[in-house]
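Here are some notes for a colleague who is opening this entry without having seen it before. Please read them beside the sequence and the coordinates.

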Amino acid sequence: MAREHLVQPITCDIGPKERTRALERFSKGELCILVSARVLNEGLDVPAADIAIMVGGSQGSREYVQRVGRVLRPAQGKRAIVYDLVTRGTFEVRRADKHRRALASG
Amino acid sequence: MLPADRIQVQIAGVEATPVWLGIEDHTWLRVLIEDFARLDGRAYREVITFLQEPPRLRAPAGKRRMAIWALLSLCTRDPIPLDAASLRDAVAVEAQRARDAGLYDRCDVIAAGARSLGLSPAAADEHLFADLPGERRFRVPDPLPDPQSLAASTNLALAQGLLRLASEVTIEIFGGARVVVRQMHLRRLLCTVRRAETDGVRLDVSGPFSLFHHTTMYGRALASILPLLPWCERFDLVARCMLRGRGVSVHLRPGDPIPPSEPPRVYDSRLEERFARDFGRANLDWDLVREPEPIESGGVLMFPDFAVVHRRDTSRRFLLEIVGFWTPDYLREKLSRLHAMPHTPLVLCIDRGLNCSAGELPPHARVVWFQKRIEPGAVLAAIEAETTEPAGHIVRRTERVELGDLFIDWAGRRPASDPVHRRLATLEAGDAVQFGRDGRRLTIEGKDGPIAMLSQLGCACWEPKLDRVVSATLVRLVDRQATQSAPQWRAGLRCERWQVPIVDVLLAER
């Protein structure tokens, strides 16, 4: 995805220096899109993010809540949207419902 | 060293037997090597994906995984040609600007990013992720190994991987132990060297699992010993390992397919090599013996550099120890060990640069000082001075009371409660003993009484020398069991195990 759309990736193979630089550019608005594989699930705050597109389904409700939490960090006048891509007619639909319920129940 | 999850063993009880690769595996190994040749120049992620797919030719899965690991460890990845992280940053920023302006075109963005770093667009596109592990270009060794050498390196990696999981390793070596002991010391392994119960050398080594820190580094150091073992005449290695969550013993023996290293160097240093060459040329009366029998001192074995033996009278024998470029601490330790062997005829060759004062030297040792090169003439002079002093001066010589001189079952014919066993148990190598008499037989006595009796043959040999005995020292105690005695003598034995002393006797000749 990063290669095809020329988007800055943040994966486990990307060094800490490059990650920090990318997140700084994202906060300043110099970059508006980041693509990540799991690295941004936990431990990092990205309050500047207002849209999350989850392409790969998370394994558990806890991981789902953590992922969504990355873009739900409070900021003034913020409205965040989370897209969870699932394949119709597969178990992913049921799993996404379960995750949403877990999120709603807090 | 194979990682733990790749190691293949068959476990029966507390014994684990390594699953070696043999000649029966060569067919599928050849196919695997051909597959690797096809992967040359591919991205590493492609290589991994390819290897995870079912093989072209059926192969034992566990063995194949070990062989793949061994082959991968021989392969390399191309160096990173440029600063890909900066290139990615420049391209991502350019892409964002283009999107903001509504003019996003992938080719234009790549070209703009490449321009900012002085690259061609094609090179920038190709190397955009070149630094990521999965994107690095994979290179196979040239030439690729044949199935036989791949099997050998896999077997070595398997044995080394097992050693890395060891908490304790015991190696018994019979013949050629010096090279292994030297490597142990060079790699600073936690090791004690003793004489084995049988006629060999026993090394007790702490395994990496018994440590808290530097376990990988220590494991590598320990693994470096393995390829040296096939150079010994015979060895028996027992490693106590933690495998699949349980403690097991792994035995490695000479028949196991562990490939040997390059032939070990005959001499430890060029200094020794040059001295051996010069000494051989300088005289015809004395032979220089490389790696003589180890000598015991305070329970520890020492491996002298050389023995100097007279060609026509082998009882005229000196040990020669070269103390070259060593630290004062090492020298002090070495000298303290030598002090514990008062009757070992010894020539010490010491580098003048060490500036070791005469007071530190063992009084019975002949010292040859040298600088850069040991003069054979000086060594010969020191030996000759010891053995051929002018008439009227005392010349001393050490002879040994061997097992053949002793009535071996003497202590065995006494019950375990007999004081002789207690006397033997309290003795240590280096303790002074003396000759005594029991009727017509000669005995060897410790502080509290007799500890051994000489055989008829031994008495005949030693009786004429008694008036020349200066002193006698215990060298070691040999364990003896009832089962080792001839059947006709067993009826007279009254205990299962006992000890027999080996004694060095210093004789004076006028």
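The numbered points below go from the whole of one chain to its parts, and then to the contact between chains.

1. This is a predicted model, in which local features need pLDDT of at least 70 and side-chain atom pairs count only at pLDDT 80 or more, while totals for chains, interfaces and linings use all residues. Residues are numbered from 1 along each chain as its sequence is written, and chains are lettered from A and ligands numbered from 1 in the order in which they are written.

2. Chain B has 15 helices and 22 strands, where helices (H or I, at least four residues) and strands (E, at least two) are DSSP runs numbered from the N terminus. Of the 510 residues in chain B, 29% are buried, a term that requires 20 or more other C-beta atoms within 10 Å of the residue's own, with exposed meaning 12 or fewer, partly exposed meaning in between, and C-beta atoms placed from the backbone.

3. An open sheet of seven strands in chain B runs in the order 1-2-9-8-5-7-6, with mixed pairing; two strands pair if DSSP finds at least two bridges between them. Strand 1 (9-12) and strand 6 (191-195) of chain B are at the edges with a single partner strand each, so one side of each has no neighbour in the sheet. Within the sheet, strand 5 (residues 166-174) and strand 8 (residues 234-243) of chain B pair in the antiparallel sense over eight bridges, and Phe174(B) lies opposite Arg234(B) in strand 8 of chain B.

4. Helix 3 (residues 61-74) and helix 7 (residues 147-164) of chain B pack at an angle of about 100°, their axes 9 Å apart; axes are lines fitted to C-alpha atoms, for helices over the stretch in contact, and angles run from 0 to 180 degrees between N-to-C directions. Helix 3 of chain B is therefore roughly perpendicular to helix 7 of chain B, the word covering 65 to 115 degrees, with under 35 roughly parallel, over 145 roughly antiparallel and the rest oblique.

5. Arg290(B) is found in strand 10 (residues 286-290) of chain B and counts as exposed because it has 12 C-beta neighbours inside 10 Å. Leaving aside residues up to four places away in sequence, Arg290(B) touches Val266(B), Ala276(B) and Phe306(B), contact meaning C-beta atoms, placed from the backbone, within 7 Å.

6. Between the chains, the contact takes 12 residues from chain A and 14 residues from chain B. Helix 2 (residues 16-28) of chain A gives the most to the chain A side, with three residues.

Technical notes. Contact = placed C-beta atoms within 7 Å.
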